[in-house]
Amino acid sequence: MIETRELTKRFKDVRAVDGIDLTVARGELVALLGPNGAGKSTTLRMLTTLIPPTSGSARVAGFDVTRQQREVRLRIGYIGQGNGAGHSQRGRDELISQGRAYGMTVPAARRRADELIDSLGLGEVADRTVSTLSGGQRRRLDIAMGLIHAPELLFLDEPSTGLDPQNRANLQEHILRLRAEHGTTIVLTTHYLDEADSMAERVVVIDHGRIIADDTPQQLKAKHVGDRVILGFDSADQAALVPGGTPDGALVRITTEDGPRLAAELASFHPISIEVIRPTLDDVFLTLTGRSLREEANTLVGA
Ligand SMILES: Nc1ncnc2c1ncn2[C@@H]1O[C@H](COP(=O)(O)OP(=O)(O)OP(=O)(O)O)[C@@H](O)[C@H]1O
């Protein structure tokens, strides 16, 4: 569905995207995860034909993003970071106009709008003017706008940024349902670690315009960090008996791929405490880059 080769975008002396090779198969849900400024949006903007690559190539839905922009655009939906829907229109009318803009007949656009209003839980608000909708409802309406022409591939740029945790969870649920119902391939960007972790089967970690890891969240965590098992004993002598661990007084720390299993095996050493710490995607980012994604996000939010 997506195939890029050495995809690169330079803005003067900034290499926003620096030679990305990315392949996404039909039906996948892929999250591009990285700190602010990593190059996620720029990648999406090239894949959606909004800006041309400086070098390299990308095929999206079977067409070249530089030479066959129209073909690509007909087959994709793109929901950028801002709100797409107009303010003074009713949500349902916005959807129908958008469908008309894609060449759909009024009855077909109406039918599709009804379907999306239903699957995105907008039934109660679709006939209100857009300016009266809450942030989460607006975001869902934006997603419906991006899906009106039944694209095979949907790009979502930070779909839940700015939403409170409850609305975020609700939006994620809707996105997952849409995908289950329509089989749409979805590529989304996020800097929410939990969002990438819980929604995507595949997380592509981007930093400084490059892909630094690409795998399932489980594999990323197992491969790059592992579980940590911490055993506590009555004395340092007892702690020293545990094989493969790093003793620290009466404590022993061990890194392993399967923490619960190791903890069960080491129960025969009769520790007085056992703690299994499972990694997060932030630990993965920290291992790969030496920086915390969480701290960078917080710094920027606070800035
Ligand atoms: N139009 C532009 N002109 C100059 N520099 C740009 C332009 N667009 C992006 N950049 C720069 O390219 C780099 C990548 O930006 P991009 O928006 O792709 O990052 P991002 O990972 O999407 O970040 P965010 O999470 O903040 O959206 C940044 O250094 C940014 O300042």
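A residue is taken to be near a molecule when its C-beta atom, placed from the backbone, lies within 6 Å of it. In this predicted model, the residues around the ligand are Phe11, Val14, Ala16, Gly34, Asn36, Gly37, Ala38, Gly39, Lys40, Ser41, Thr42 and His191. Two elements give two or more residues to this shell, namely strand S2 (14–20) and helix H1 (40–47). The largest share comes from H1, which provides 3 residues. By residue class, the shell around the ligand holds 7 polar, 4 nonpolar and 1 charged residue.

The protein chain as a whole contains 12 helices and 15 strands. The domain assignment divides the chain into domain 1 (2–220) and domain 2 (226–278). Taken over C-alpha atoms, the centres of domain 1 and domain 2 are separated by 44 Å. Along the principal axes, the C-alpha atoms of the chain fill a box of roughly 80 × 45 × 40 Å. Of the 303 residues in the chain, 42% count as buried. Among contacts in the chain with a separation of 6 or more, 65% are made by residues 24 or more positions apart.

In soluble globular proteins, nonpolar side chains tend to be buried together. In the present model, the largest nonpolar core has 66 residues, and the members that touch the most other members are Ala31, Val60, Ala144, Ala196 and Val203. Helix H5 (residues 135–147) gives the most to this core, contributing 5 residues. The surroundings of one core member, Ala144, can be listed in detail. When its neighbours within four places in sequence are left aside, Ala144 is in contact with Leu95, Leu116, Ile117, Leu120 and Leu122. Another core, of 7 residues, lies apart from the largest one and includes Leu231, Ala239, Val252 and Leu266.

Strand pairing was examined around strand S14. Strand S12 (residues 227–232) pairs with strand S14 (residues 251–256) in the antiparallel sense, over 6 bridges. Within this pairing, Val229 stands opposite Ile254 in S14. Strand S13 (residues 246–248) also runs antiparallel to S14 and is joined to S14 by 3 bridges. Here Asp248 stands opposite Leu251 in S14. S13 and S14 form a hairpin with 2 residues between the strands, and in this hairpin Gly249 takes a positive phi near 65 degrees.

Methods. Residues numbered from 1 in each chain as written. Predicted model: local features only at pLDDT ≥ 70, side-chain atom pairs only at ≥ 80, totals over all residues. Helix = DSSP H or I, 4+ residues; strand = E, 2+ residues; numbered from the N terminus. Nonpolar A, V, L, I, M, F, W, Y, C, P; charged D, E, K, R; others polar. Domains from an automatic or database assignment. Buried ≥ 20, exposed ≤ 12 C-beta atoms within 10 Å, placed from the backbone. Contact = placed C-beta atoms within 7 Å. Core = buried A, V, L, I, M, F, W, Y, C linked by C-beta atoms within 7 Å. Pairing = 2+ DSSP bridges.
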